[in-house]
Amino acid sequence: MTLTDRQQRIMRGAREWIAEHGEAPSLRELAAAAGLTSASSAHYQVQRLREQGVIVETRGRPSGRCPHCGR
């Protein structure tokens with residue numbers, strides 16, 4: 001499976017964030033790490049990656065909740 005440039009940046013940003021902070025980034029943090037202009041852009045790419053089976057949610061928290069504060 002070939003990932004787009006944006007998807008590769010999302011994956012790289014997520015890996016780097018997790019390595020540094022020990023938890024998944026919020027969509028805003030992920031967008032910034034990947035050089036995207038908005039959290040909605042990151043959300044779109046994350047959804048595509050989930051549909052392709054490239055990433056899975058493992059924390060069991062409802063989608064769309066902040067990983068830091070739970071809101």
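Helices (H or I, at least four residues) and strands (E, at least two) are taken as DSSP runs, numbered from the N terminus. By this assignment the protein chain holds three helices and zero strands. The order of elements from the N terminus is α-α-α. The model is predicted: local features need pLDDT of at least 70, side-chain atom pairs count only at pLDDT 80 or more, and totals for chains, interfaces and linings use all residues. Residues are numbered from 1 along each chain as its sequence is written, and side-chain values use heavy atoms, with hydrogens and water left out.

Of the 71 residues in the protein chain, 25% are buried (under 20% relative accessible area; exposed is over 50%, partly exposed in between; 1.4 Å probe, protein chains only). The accessible surface (Shrake-Rupley method, 1.4 Å probe) comes to about 4800 Å². Carbon and sulfur atoms contribute 49% of that surface. Among contacts (heavy atoms within 4.5 Å) with a separation of 6 or more, 53% join residues 24 or more positions apart.

Helix H3 spans residues 39-51, 13 residues in all. From first C-alpha to last, H3 reaches 18 Å, close to the expected 18 Å (1.5 Å times one less than the number of residues). Its buried residues are Ser41, Ala42, Gln45, Val46 and Leu49. They lie on the same side of H3, because they cover an arc of only 130° around the axis (taken from the directions from the helix axis to the C-beta atoms). The cover over these buried residues includes helix H1 (5-21) and helix H2 (27-34). The face turned away from the buried side of H3 carries the exposed residues Ser40 and Glu51. Gly53 follows H3, with a positive phi near 80°.
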